[in-house]
Amino acid sequence: MMEEENVVRPHQEMASLSLQEKKYLLAVERGDVASVRRMLQKAHEADININCVDPLGRSALLMAIDNENLEMVELLIEHKVDTKDALLHAISEEFVEAVEVLLEHEETLHKNGDPHSWEALPPDTATFTPDITPLILSAHRDNYEIIKILLDRGSTLPMPHDVRCGCDECVTSRMEDSLRHSRSRINAYRALASPSLIALSSKDPILTAFELSWELRRLSFLEHEFKCEYQELRRQCQDFATALLDHTRSSYELEVLLNHDPTGPAFEHGERMHLNRLKLAIKLRQKKFVAHPNVQQLLASIWYEGLPGFRRKNMFLQALEIVRIGVLFPFFSVGYIIAPHSMVGQTMRKPFIKFICHSASYFTFLFMLILASQRIESVIGNWMGHEVDEHEPAPTKRGAAPTIVEWFILAWVSGLIWSEVKQLWDVGLEEYVNDMWNVIDFVTNSLYVATVALRVVAYYRVQKENENQAPGSVIPALQREEWDTWDPMLISEGLFSAANIFSSLKLVYIFSVNPHLGPLQVSLSRMVMDIMKFFFLYVLVLFAFSCGLNQLLWYYADMEKKQCPSAMPFSANVSTTNADPNACTVWRRFANLFETIQTLFWAVFGLVDLDSFELDGIKVFTRFWGMLMFGTYSVINIVVLLNLLIAMMNHSYQLISERADIEWKFARSKLWISYFEEGGTAPPPFNIIPTPKSAWYVARWVYRKLCGHSRAAKKEHMRTIRRKVKQASERDFRYQSIMRNLVRRYVTVEQRKAEGEGVTEDDVNEIKQDISAFRCELIEILKNSGMNTSTAASSGTDGSLKELSVGAGGKKNRQKERRLMKGFNIGPQPGGSGTLPPVAEFIASLQQAQHENSHHDLFGSTLSGIFGPGTTPKKSPHHTSTNSVPGLASGSRQSHTTRSSSRKKRWGTLIEAAKAGRVSRLIGKLKISSH
């Protein structure tokens, strides 16, 4: 028991506040400027530490900042109160006036080479981490005024190092504290993502928001621990870029904004739009920006430019117009090839007309594939009653030459490959691969090329076989069942069938323009990604069970194979009486690992029954164990994995459906912009025909290479450079003027939103502080006029604790004052307010105070209950403990007339004291005091 009472408790290590320091802090909390001024002037005489802190660890300056009392802040700074991290607290509270005062004070004190006041604090007792600077903190609060003040004073925000940076600074920081290193990067990016900081510090806020959003997306994949934080910052950047679009007021502003190219000429109204900034937004996946109504309206006006009034027609008339243009696409294509600058050629270059012609061409290509798959030549021959010669090279025969339909398909495939090559040349390999539809096109074209190559191999192989025969002899064509398993003709047919599937699925890409099918296409793409993720886990389970079952049943599968006459090399030796008609199918189930994998895969669809385990010679235990493994696989695969796949797909669909409009508009915009480009006007197969325009481009390129070094060419080149420099200056000036207007409108609206908010808790606290300060000033005026203000319970100069009783105010104000007066210490004592005395010396001083004081009061009983028996301190006139109860120590010194009223006040504090001390000692002490 004695050991438990001698344990050092946390509150015993806290330094105590004197009576004058409590009065000083209470006056600051109440906003009593006059009393605080008197105390600061007499601080040395009254032995007041002006840098003392309240139980929450707040100094007087921080209390004034929390109350947003600018007059008090100026008074404290005037009397050289330590500011420490007060500037950061003022920024955190968004107290702009105090920030300006503290910055001016910091400039007068700071010396070059020395750390700032907020940097000199120990990291253990500092409120903010060392990586938090005033500019970073103001950017976290997104306070436009404070950020502007700091930027005007030369504050800078260094760009954080890359997450994979291997410099000495990053390596050392990771070794010292990896968590602080990661948190400092997040704090830096949270500051960089501040809309106010971007608007004030960037010449091109939209470009900065785009690049920062893309960088944050990359960091979210690299640092999975802080993925949510980075994604939230990315959404903040996207919202800021989108918000700037809300303030565009004309089509001209929007066109200049979306067509801005830092390396190209200035955009002029009426010119063909290149939409370089919008293409960058699509590349960096700024979906909200692309799906903005202003952007979509501009894109729609460009898209339907070739058909005025098309959107005002009803659905039937629109369908007729589309069918008319689709049927005439060969005439439009030929007209563009012959005369690209004629009326027909100019019409063909319109995006919507171009899209319809390309779609009609692709539908024709699919129709050709259907004709080829149905062997249309044989069908037409049978309809016309023609006899098909046995030795005629039909398309189904080995090494047959291409038919007319296959020649048309070859022409279309050549056109598709040429268009993909041109696209790859224009956009580059990296951007080309980033689009999954381009990857699908590459796979499809590769399958067609492989099909053609294998057909050529098969054709020449048959021709070579015919050449080796005697002249005049005819080799009968081999039937298909007699062909080799890996015959080139068979492989080409397989690849051609797979290419047909991919070609038909390409129609899903065209559905993006439809508002009803477009969201479904986006959902399908997301679900395909889910299936690919799920497939990895499924293959792992499938491979594991396949290895187990194959190792268990391979011997019995081999025994079953002996019962199949067609499977054995010497089938004549197999007895017909022992032959099993099902053995030729059953033995393949578990013959090898590949066959076992196929068996388990088809078991998912219920195509494998338990009869597959009835193998020849299998034992009871082996059969039971194999069926148990098969049942376990079925439970894991069907009950767990398939339901997991369904849940994943449902989750993806829910995510898409929540933002279906944005996802669809983003996908549609990518499709639209692909048809806004200059090249690729003629659809396949017309794009493989050389045009006069192509010949002109080739001739001009050759002339530039051969004659580009002449004197006239050099002069023309210099004139071109001067013209480009002038255009660049004009382009930048026009873009910057529009961007400044957008930023100004954005900031104005945001400030109005902040000012237009309803009454907040800060507003109420400000009113309470003003009332409290007005009360103290009024009491001061009345006191100076000679009136009696002793009943006002305000802090005075006579030293009575009654004047420090908890005053009027809200619940939070009374709570702060009660903690201050009763020593509710939870904050660390800063090093600037004195050292902490040891617990033994502190208790000894209390014991000495007990002997010096002749009377017993409740204060002593309270401390005796806290510190234990034998250590009951007495209150000294010159020392006030942090655990003293205000309003009770001076009760014995009052007259008999005021004692009855003070006793009424005692009972409220007795309960508080009883909570801190021991009840038995309190009762005993009360009995002594009653005598």
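A nonpolar core is a set of buried Ala, Val, Leu, Ile, Met, Phe, Trp, Tyr and Cys residues joined through side-chain atoms within 4.5 Å. Buried means under 20% relative accessible area (1.4 Å probe, protein chains only). The model is predicted, so local features need pLDDT of at least 70 and side-chain atom pairs pLDDT 80 or more, while totals for chains, interfaces and linings use all residues. Residues are numbered from 1 along each chain as its sequence is written, and side-chain values use heavy atoms, without hydrogens and water.

The protein has 41 helices and zero strands. Both are DSSP runs, numbered from the N terminus (helices H or I, at least four residues; strands E, at least two). Of its 931 residues, 41% are buried.

The largest nonpolar core holds 141 residues, of which Y24, L76 and F365 touch the most other members. Helix 22 (residues 351-373) gives the most to this core, with 12 residues. Another core, of 23 residues, lies apart from it and includes V586 and F613. Contact means heavy atoms within 4.5 Å.

A nonpolar core is a set of buried Ala, Val, Leu, Ile, Met, Phe, Trp, Tyr and Cys residues joined through side-chain atoms within 4.5 Å. Buried means under 20% relative accessible area (1.4 Å probe, protein chains only). The model is predicted: local features need pLDDT of at least 70 and side-chain atom pairs pLDDT 80 or more, while totals for chains, interfaces and linings use all residues. Residues are numbered from 1 along each chain as its sequence is written, and side-chain values use heavy atoms, without hydrogens and water.

The protein has 41 helices and zero strands. Both are DSSP runs, numbered from the N terminus (helices H or I, at least four residues; strands E, at least two). Of the 931 residues, 41% count as buried.

The largest nonpolar core holds 141 residues, of which Y24, L76 and F365 touch the most other members. Helix 22 (residues 351-373) gives the most to this core, with 12 residues. Another core, of 23 residues, lies apart from it and includes V586 and F613. Contact here means heavy atoms within 4.5 Å.

Helix 13 (residues 205-222) and helix 14 (residues 227-245) pack at an angle of about 160 degrees, with axes 9 Å apart. Helix 13 is therefore roughly antiparallel to helix 14 (angles over 145 degrees). Axes are lines fitted to C-alpha atoms over the stretch in contact, and angles run from 0 to 180 degrees between N-to-C directions. Among the residues that meet are I206 and F210 in helix 13 and Y230 and L233 in helix 14.

Terms used. Buried means under 20% relative accessible area, exposed over 50%, partly exposed in between (1.4 Å probe, protein chains only). Angles under 35 degrees count as roughly parallel, over 145 as roughly antiparallel, 65 to 115 as roughly perpendicular and the rest as oblique.
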